[in-house]
Amino acid sequence: MSNVNDNAIELGADLSATRRVMAYLAILLVYLFYCYNFYILTVLGPFMTTQLAFTKANFALLFSLMSFGTLFGTILAGKIAMRWGRKNALMLLGGGFSIFTFGHILSPESFMAWAVLRFLNGICLGGIFGTAVSLIVGLFPQKYRGRLTSFASCLFAIAGVIAGKITEFYLDSDWTMILWWGIVPTLVGIVLVCFLVPSDMHIVRANRRKAHDEDNEKLGYMGMLQGKYLWIGLLAVFLSGMNFSGFSGFTQFVPIYLQEGLGMSTVEWSRMVQIQNIGHFIGFNIWGLIGDRYGRKKNILGMLLCALIIPIYMGLSIDYLFLLFSMSLLYGLGLGYSGVWGAYYTELFPAKYRALSSGFCFNMGRIISMVTVFGIGMIADHLGMRIGLLIPSIFFVLGCVAWMLLPETLTNVEKVKEALQNKVA
């Protein structure tokens, strides 16, 4: 698959290293609060099931609707990026989810309003990963992409720590602050992207000409999913689906379980969220380094660790608080396995589909998770949270199987191993 692994810098080739890093950081600011937006439901879960009287199935439905929206967002963002550029797509979508998050403040008690706004949020959120990651990939050569996209992915963990800390301070006094933190910084990031990130319109025009003149095809998802790439695409989508089913099926409900099932206070369970995401942050960077040196597929071990941790976690009572914190940390460490997916998913397909491939593989998996997570909510309502939260472990195992069937994309694995051996010798 060497034809999809290039070292070319396609965005701002004449930019200095400093300016390139500044552009990277601007993208990361928008990406950080895109990640934060996914934690809004997680940290507001106990508030919704107690103060707003939503059932666990209602809560799960909000997540499913948001996931459903991301499917449309993935397709919409791909079309916007192919027509007007990835930079413009990123700014438009970031502004969109900021506005729809503000809508929750205007109508906080209506479940219907939450449902509509979460769906609209999902549409905007669904396009951020693909556009942000493809911009980052275009700014740097391949040897740096795994670490840079992995660091971007680890912002999901940082966002979780931020969400947990803000929840600790404000949930019991002014819960709307949790929403404001998802709005204002995003708008600042959009302004920075506007001025610091180089335009990719020249790439849009070049890809159109190449598709028309050389390949005689229209760039799109149908063209991307041809021949062996159809099988690769289906496996990658299933892998993402198992990732979201496992991660969201467990993480979204844990605060409710810790408060209602184990009797933890807001301060205690919000700190559990924080410690999990500290582990998540460390895990992203560890697995990113492993993925760059030894191959993207080595990160399967992290996914397997998550599957093993969950049954242990659910077997502990409040009397084993230190062990609960330890399991949260280890679970977070394992979750870092997905950090290389930004690079991995773009490398699975030809470079001309870079604006489409990562977002498609990543977000289309939400088709699966929007069903599985809602199912977990229904099970939790009828059979209890403890049983419902054991199911995500199965999803992680199935994800490991799918990943094993996908190809390795890091073409210089053997060269890296040889270099490391020579260095040790």
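**Helix packing, salt bridges and buried positions**

Helix H10 (residues 228-251) and helix H19 (residues 391-405) approach each other with their axes within 8 Å and cross at roughly 160°. The model is a predicted one, in which local features need pLDDT of at least 70, side-chain atom pairs count only at pLDDT 80 or more, and totals for chains, interfaces and linings use all residues. Residues are numbered from 1 along each chain as its sequence is written, and side-chain values use heavy atoms, with hydrogens and water left out. Helices (H or I, at least four residues) and strands (E, at least two) are DSSP runs numbered from the N terminus. Axes are lines fitted to C-alpha atoms, for helices over the stretch in contact, and angles run from 0 to 180 degrees between N-to-C directions.

The crossing angle makes H10 roughly antiparallel to H19; angles under 35 degrees count as roughly parallel, over 145 as roughly antiparallel, 65 to 115 as roughly perpendicular and the rest as oblique. The crossing of H10 and H19 is left-handed, a term used if the near helix is turned anticlockwise from the far one by less than a right angle, with right-handed used if clockwise. On the H10 side, the contact (heavy atoms within 4.5 Å) involves Leu-235, Phe-238, Leu-239, Met-242, Asn-243, Ser-245, Gly-246, Phe-247, Gly-249 and Phe-250. H19 contributes Pro-392, Phe-395, Phe-396, Leu-398, Gly-399, Ala-402, Trp-403 and Leu-405. The residues of this contact of H10 with H19 comprise 13 nonpolar, five polar and no charged. In this division, Ala, Val, Leu, Ile, Met, Phe, Trp, Tyr, Cys and Pro count as nonpolar, Asp, Glu, Lys and Arg as charged, and the others, Gly among them, as polar.

From H1, the residues in contact are Tyr-34, Asn-37, Phe-38, Ile-40, Leu-41, Leu-44 and Met-48; from H4, they are Trp-114, Arg-118, Asn-121 and Leu-125. The contact of H1 with H4 divides into eight nonpolar residues, two polar and one charged.

Two of the H1 residues in that contact, Leu-41 and Met-48, also touch Phe-59. Phe-59 is found in helix H2 and is buried at 2% relative accessibility; buried means under 20% relative accessible area, exposed over 50%, and partly exposed in between (1.4 Å probe, protein chains only). Leaving aside neighbours within four places in sequence, Phe-59 is in contact with Leu-41, Gly-45, Met-48, Gln-252, Phe-253 and Ile-256. Apart from neighbours within four places in sequence, Gly-69 is in contact with Phe-119, Gly-122 and Ile-123. Gly-69 and Lys-228 lie 28 Å apart, C-alpha to C-alpha, and 159 residues apart in sequence.

The structure holds five salt bridges, a salt bridge being a side-chain nitrogen of Lys or Arg within 4 Å of a carboxyl oxygen of Asp or Glu. One of them joins the side chains of Glu-260 and Lys-56 (3.2 Å, N to O). This pair links distant parts of the chain, with Glu-260 in helix H11 (residues 254-261) and Lys-56 in helix H2 (residues 56-84), 204 residues apart. Glu-260 is partly exposed at 40% relative accessibility, whereas Lys-56 is buried, with a relative accessible area of 16%.

Another salt bridge is formed by the side chains of Glu-168 and Lys-165 (3.2 Å, N to O). Both residues lie in helix H6 (residues 142-170), three residues apart, about one turn of the helix. Glu-168 counts as buried at 15% relative accessibility, and Lys-165 as partly exposed at 32%. Arg-296 forms a salt bridge with Asp-292, the closest N and O atoms being 2.6 Å apart. Arg-296 has a relative accessible area of 0% and Asp-292 one of 10%; Arg-296 is buried, as is Asp-292. Salt bridges that share partners join Lys-165, Glu-168 and Arg-271 into one network.

Ala-343, in helix H15 (residues 341-347), is buried, with a relative accessible area of 0%. Ala-343 and Val-137 are 7.2 Å apart in space, C-alpha to C-alpha, and 206 residues apart in sequence.
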